[in-house]
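Colleague: I am new to reading structures. Could you take me through one, feature by feature?

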Amino acid sequence: MDKRLIGVSRAAGNGDTNFAGLDSTSAHFDASYFVNLLSHKGLLHSDQALFGGVSTDQLVKNYKYNPKLFWAEFAKSMVKMGNIKPLTGEQGVIRSKCNKLNYS
C-alpha cells in the first residue's frame, strides 16, 4: 500500500460504519485510477493486482494513455451489465458462500 494512504486507512478506523475514500484523485469519475496503478499506488491490494507483471498490465497501460478507450469500453460494459437477467424465484440460487456452489 502507498505509505501516504496508510493514514487515511487508519483514520477511518474499523467496523462497518467507518468510511474512507478509495480515490484520492478527485470527486469526479475519471481514469486517474490507472495512473495510480502504473505508479504502484493502488489503494487496495486487489486493485494493484491488475498491474505488476500480470496479463492485465497492457490493458492498464492502454487505459492510462488512452482515456477515450477506457470510456468507450466502460460504456459497453455498463450496457452489457444492464442486460443481465438475474435468475429469480425457483430458477435462482442464493449461494451460502459466493465462491462455491451450494450442494443439495
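Modeller: We will go from the whole chain to single residues.

Modeller: This is a predicted model, so a cut-off applies: local features need pLDDT of at least 70, side-chain atom pairs count only at pLDDT 80 or more, and totals for chains, interfaces and linings use all residues. Residues are numbered from 1 along each chain as its sequence is written, and side-chain values use heavy atoms, with hydrogens and water left out.

Colleague: What share of the residues is buried?

Modeller: Buried means under 20% relative accessible area, exposed means over 50%, and partly exposed is in between (1.4 Å probe, protein chains only). In this protein chain, buried residues make up 16% of the 104 residues.

Colleague: What is the accessible surface of the protein chain?

Modeller: Accessible areas come from the Shrake-Rupley method with a 1.4 Å probe; for residues, only the protein chains shown count as cover. The total for the protein chain is about 8700 Å². Carbon and sulfur atoms own 58% of that.

Colleague: Which residues is Leu37 in contact with, leaving aside its neighbours within four places in sequence?

Modeller: Contact means heavy atoms within 4.5 Å. With those neighbours left aside, Leu37 is in contact with Gly42, Asp47, Gln48, Leu50, Phe51 and Val60. Leu37 sits in helix α2. It counts as buried because its relative accessibility is 0%.

Colleague: Asp47 is on that list. Is Asp47 buried or exposed?

Modeller: Asp47 counts as buried, because its relative accessibility is 16%. Its place is helix α3 (residues 45-48). Beyond neighbours within four places in sequence, Asp47 is in contact with Tyr33 and Leu37.

Colleague: How do I spot residues that are apart in sequence but meet in space?

Modeller: Take Ala31, in the loop between α1 and α2. Ala31 and Phe70 are 39 residues apart in sequence, yet 7.3 Å apart in space, C-alpha to C-alpha. Ala31 counts as buried because its relative accessibility is 12%.

Colleague: What does UniProt list for Asp23 and Asp30?

Modeller: UniProt positions are given in the numbering used here, feature names are shortened, and annotations may be inferred rather than shown by experiment. The unreviewed UniProt entry lists Asp23 and Asp30 under "binding site". In the model, Asp30 is in the loop between α1 (3-12) and α2 (32-38). A polar atom of the Asp30 side chain lies 3.1 Å from the backbone nitrogen of Ser32.

Colleague: What is phi of His40 near?

Modeller: Most residues other than glycine have a negative phi. Phi of His40 is near 60°, a positive value in a residue other than glycine. His40 lies in the loop between α2 and α3. It counts as exposed because its relative accessibility is 52%.

Colleague: And Met78: where is it found?

Modeller: Met78 is in helix α5 (residues 67-82). It counts as partly exposed because its relative accessibility is 37%.

Methods:
Helix = DSSP H or I, 4+ residues; strand = E, 2+ residues; numbered from the N terminus. Polar contact = N/O pair within 3.5 Å; in protein donor to acceptor, adjacent residues only side chain to side chain.
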